[in-house]
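Thanks for coming. I will go through one model this morning, strand by strand and then core by core. Please have it open on your screens.

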Amino acid sequence: MATFEQFNLPKSLQKAVDDLGFETPTPIQEKSFSVIMSGRDMMGIAQTGTGKTFAYLLPLLKLYKFTPSHIPKIVILVPTRELVVQVVEEVEKLTKYMSVRTLGIYGGVNINTQKTAVYTGIDILVGTPGRVMDLALDNVLRFEDTYKLVIDEFDEMLNLGFRPQLTAILAMMRTKRQNILFSATMTEEVDAVLNDYFDFPEEVSLAASGTPLEKITQLSYPVQNFNTKINLLKHLLVNDESMSRILIFVNNKKISDMLHESIDEAFEGQFGVIHSNKSQNYRLNTMASFQQGELRGLITTDVMARGLDISDITHVFNFEMPEYPELYMHRIGRTGRADATGTAISFFTPREEEMRIEIEMLMDMELEVLPFPEEVEVSMKLIGPEKDKQPVKFMMKKVKLEGDGAFHEKSKKNTKVNLGGPSKTKKKTHGSLNRNMLKEQAKKRNKKK
């Protein structure tokens, strides 16, 4: 069995690893170490929860040499503020016995305070692309001594629209540097950036994207609508005491607030909610409360939870099916970590049937479908999108026949409740399309990708 001893780490670094109680490297740590030590550019494909952060920190810290320069030698870019905080904590744990200055920077806080911190000198900089670029454009951050660049959760950065900032930062840096990139999925957009800015990167892949995780029991329930999902969730929480540390995923901020309001009525003070509209302090305090066991669960979106290392999750709920099948793997990967087992439970309405099928095709396995419990009330109360049952084509035809009804139809449309989320990801209702037809359509889309 492999151990950290085989990495021949410096004594100061090995002592920090020993203090943390780590003895055996994860597969991605073992595979990445020699590649990063060689100085070559690297692209790592690995799911969340596989030990990616230590996979790049250990070899980089072994290679690190002190210089009197105040300019960062290592720059680590991550997509969210929470992930900046988390990575800085990991760096500080590993550099406990080393003379290394680490700084985390992100938006939403006073930029002048961060400028002052930069001027005092940095060895390792961890930041979000937006704030790093802001400080670089102000000529506060400089990169002439930066010889190692890490981009973590790269696919999520592109999903969040950070490509312009990333390419600007890459253009500002010295050409002679080592690039290390980690992404959970390999997309055309990821490939395009690699071709433009990386020098023949070596690929280190832990597993093909979409490989099901063996230690996770995957279950699903057919549910009629949003309010019935709430009734089912409450029923499961009341009747299953093993649901002690829970993550509940939804697709956007407004749904997360609606769900939290409903759940808090029945389980007051037991659940927190985090999304990008919440203040930085609120989000960090909520995360800390959850980590310390003060909260039973968290309601969150994919953007907020991406990359966060949340320990000992017993259950993951897909309250809404994710808008992209790859996101399902990120979500359920929060449980069943290390030697633990976990359970992932997905609720799907008739509108979400196609999404479920795409996930099953990605994993090449079917989710176990459980019968809807008879004792749970099926709600007749619908929320915004659920009220709109007419197909778009039919509505347009009706407008044309009525002539002057166009203005009336637009007016009705404007009264709909906007539940957030990017419009390009919304799925059309397929009504009576059967399962085989849905599978064929999903296959065609996957071929195009």
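**Strand 6 and its surroundings**

Strand 5 (residues 148–151) pairs with strand 6 in the parallel sense, over four bridges. Valine 150 has isoleucine 180 of strand 6 as its bridge partner. Before going on, the ground rules: this is a predicted model, where local features need pLDDT of at least 70 and side-chain atom pairs count only at pLDDT 80 or more, while totals for chains, interfaces and linings use all residues. Residues are numbered from 1 along each chain as its sequence is written, and side-chain values use heavy atoms, with hydrogens and water left out.

Helices (H or I, at least four residues) and strands (E, at least two) are DSSP runs numbered from the N terminus, and two strands pair if DSSP finds at least two bridges between them. Strand 1 (residues 42–45) is also joined to strand 6 by four bridges, again running parallel. There, isoleucine 45 stands opposite serine 183.

Is strand 6 buried or exposed? Six of the six residues of strand 6 (residues 178–183) are buried, so the strand is largely enclosed by the rest of the structure. Buried means under 20% relative accessible area, with a 1.4 Å probe and protein chains only. Gln178, Ile180 and Phe182 point one way, and Asn179, Leu181 and Ser183 the other.

Next, the cores. A nonpolar core is a set of buried Ala, Val, Leu, Ile, Met, Phe, Trp, Tyr and Cys residues joined through side-chain atoms within 4.5 Å. The largest has 37 residues, and Tyr56, Leu58 and Ile76 have the most contacts inside it. Helix 3 gives the largest share of this core, seven residues. Apart from this core lies another, of 31 residues, among them Leu77, Ile122, Phe154 and Leu181.

Now the open sheet: seven strands, in the order 10-11-9-12-13-8-14, with parallel pairing. Strand 10 (271–274) and strand 14 (368–369) are at the edges with a single partner strand each, so one side of each has no neighbour in the sheet. Strand 9 (residues 246–250) and strand 12 (residues 315–318) run parallel and are joined by four bridges. Within that pair, isoleucine 248 has phenylalanine 317 as its bridge partner.

Last, helix 10 (residues 226–239). Ten of its residues are listed as buried, including Phe226, Ile230 and Leu237. With 10 of the 14 residues buried, helix 10 is largely enclosed by the rest of the structure.

Definitions and conventions
Buried means under 20% relative accessible area, exposed over 50%, partly exposed in between (1.4 Å probe, protein chains only).
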